[in-house]
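Here's a quick briefing to read alongside the model. Take a look at the picture, then work through the points below.

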Amino acid sequence: MSFGMIMGLMSGLGLFLYGMKMMGEGLEKAAGANLRRLLEKLTKNTFMGVLVGAVFTAIIQSSSATTVMVVGFVNAGLMNLAQATGLIMGANIGTTITGQLVAFKLTEVAPIFLLAGVVMILFFKNPRIQRIGGIVAGFGVLFVGMDLMSSAMEPLKDMPEFISLVTAFSNPVLAMLVGVAMTALIQSSSAAVGLIQILGATGVLPLQTAMYLVLGTGIGTCVTALLASVGTSPMARRAAVIHLMLNVFGTTILLILFQILPVEQWIASSSGDISREIANVNTLFKVFEVVVFLPFSGMLVKLSEIIVPGEEQTEDEKRLMYIDDRILSTPPIAVAQLCKEVERMGRMAVDNLEHATMDFIQGKADDVDQIEQTEDVVNFLNHEITRFMVSASQLKLPPRDMQLLASLFHVVNDLERIGDHAENMAEYAVMRVQKKVPFSDKSMEELTDMLNRVVELCNRALTVFHTRDRGMLPKALVLEEQIDDLEKELQQTHVDRLTQGLCTPQSGMMFSDILSNLERVADHATNIAFSVEQDAQVESVVRA
């Protein structure tokens with residue numbers, strides 16, 4: 001091959017990959033919240049996982065991205081291996097949509113798609129139109145890349161050296177290994193199949209050889225997930241191994257069937273166009289693998305546990321449960337999972353506050369060690385969530401998600417402050433026990449009432465945060481005002497007790513400090529609830 005042919009091929013491949021990326025990102029942004037809801041429908045039903053995985057991968061245009069995301073979900077403890085197996089199977093089917101698109105041979109009209117997409121991106125202010133423009137432009141870039149690669153490879157059919165090389169690929173195992181190497185090198189089975197389609201269309205690659213090359217692409221695409229699983233939990237590594245086993249076992253069975261059955265004739269009869277035939281080969285092979293192995297998905301899980309030994313991930317709370325850096329490859333999902341992690345942090349901080357304050361009220365310090373451990377987890381989550389948010393803020397997110405991300409920084413800070421107040425309460429509980437500070441039953445009843453109202457407000461705030469229901473804000477505001485009034489009332493009652501000599505200065509000071517702490521917690525809870533007000537601002541901007 002001449003230098004010009006190599007450069008043409010590389011340029012075309014680059015445009016092809018970039019076009020797929022543009023299409024995937026555009027579809028991903030257009031799907032947005034629907035993409036999140038799609039994953040939420042995922043259950044322990046493996047069949048449902050197959051459907052979700054297929055649709056999800058068809059949207060983001062990359063089975064590698066899907067499997068890497070699956071590894072991230074499993075590593076974060078969000079998904080079990082049964083669910084992961086279904087998603088991986090579905091991803092194998094979903095990725096074949098690119099080959100079917102390529103088979104339409106729209107290279108002549110590709111510049112029109114490209115121009116239309118660019119116009120939509122540059123000359124329209126509506127974000128929705130811009131997202132559609134990204135999809136259309138990506139579609140055009142993909143076919144422009146295909147045209148460049150096709151033009152670069154056209155002379156190959158007249159080169160004896162290349163024809164001899166292709167003839168050597170008639171060995172099924174060798175052709176399959178070439179497919180593995182090709183896909184592992186460019187990290188995209190869709191691009192590899194696209195190259196095979198172009199070679200077939202030029203007339204230098206017979207269908208039989210193309211079939212074996214396509215078989216190899218299934219194994220080659222596993223490299224990405226295997227690399228992503230390095231340094232993860234045993235469960236996450238098992239997910240990557242399941243992906244590899246599915247493709248290796250499926251390829252082996254198909255390799256044997258090719259020697260027994262007239263598969264080539266069956267495929268050739270499906271279409272008179274070799275590019276379409278190769279696309280059909282890819283799709284039918286992936287569907288065949290799912291049909292064969294879906295009933296044995298449980299066995300794949302057990303086999304992966306043998307191949308990757310190790311203890312199951314414990315329920316140690318000092319870890320991230322819903323987010324993982326690998327999920328950042330799918331921004332809408334990353335933001336949704338981030339909200340879940342923040343909510344988890346909030347539940348832990350509020351529960352810790354309640355336990356610490358109740359310890360003080362009950363005059364005990366038995367739970368102080370556990371309270372300190374939980375506070376340590378809350379601090380850990382604060383640090384890790386903030387780090388993840390900084391990474392997410394570098395992504396190309398739609399305005400709604402960017403605004404949500406900005407508000408989350410403030411929410412996490414408020415939650416961390418609630419955790420600090422819980423730690424203060426634990427210190428007061430220890431002080432009361434060690435110094436045997438006396439308190440009247442009446443004062444403890446008052447603190448219990450104050451605590452119950454504050455906890456109610458915190459729980460209401462977290463519910464508002466979870467549901468994004470702005471209709472709940474007036475009730476939260478009324479409750480916060482009641483807490484402010486109660487704090488002032490109890491502070492005055494405390495002063496009256498002091499002047500009447502019914503409590504000691506030490507107990508009075510402690511009582512006053514605790515009231516102030518609880519009132520400040522209520523302020524932080526109100527901030528969390530009203531963080532959803534920014535949703536309305538973004539919606540008005542998006543509509544405009």
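In this predicted model, 82% of the contacts with a separation of 6 or more are between residues 24 or more positions apart; contact means heavy atoms within 4.5 Å. The protein has 24 helices and 0 strands (DSSP runs numbered from the N terminus: H or I of at least four residues for helices, E of at least two for strands).

**The whole protein**
- Its C-alpha trace spans about 110 × 55 × 35 Å along the principal axes.
- Out of 544 residues, 53% count as buried (under 20% relative accessible area, with a 1.4 Å probe and protein chains only).
- Carbon and sulfur atoms hold 61% of the accessible surface, which is about 23700 Å² (Shrake-Rupley method, 1.4 Å probe).

- Helix α4 covers residues 63–75 and helix α14 covers residues 234–260; they pack at an angle of about 150°, with axes 7 Å apart (axes are lines fitted to C-alpha atoms over the stretch in contact, and angles run from 0 to 180 degrees between N-to-C directions).
- That angle makes α4 roughly antiparallel to α14 (the label for angles over 145 degrees).

**Who touches whom**
- From α4, Thr67, Val71, Val74 and Asn75 meet Met235, Ala236, Ala239, Ala240 and His243 of α14.
- These contact residues split into 6 nonpolar, 3 polar and no charged (Asp, Glu, Lys and Arg count as charged; Ala, Val, Leu, Ile, Met, Phe, Trp, Tyr, Cys and Pro as nonpolar; the others, Gly among them, as polar).

**Reading notes**
- Residues are numbered from 1 along each chain as its sequence is written, and side-chain values use heavy atoms, leaving out hydrogens and water.
- Local features need pLDDT of at least 70 and side-chain atom pairs count only at pLDDT 80 or more, while totals for chains, interfaces and linings use all residues.

Methods:
Parallel < 35°, antiparallel > 145°, perpendicular 65-115°, else oblique. Buried < 20%, exposed > 50% of the residue type's maximum accessible area, 1.4 Å probe, protein only.
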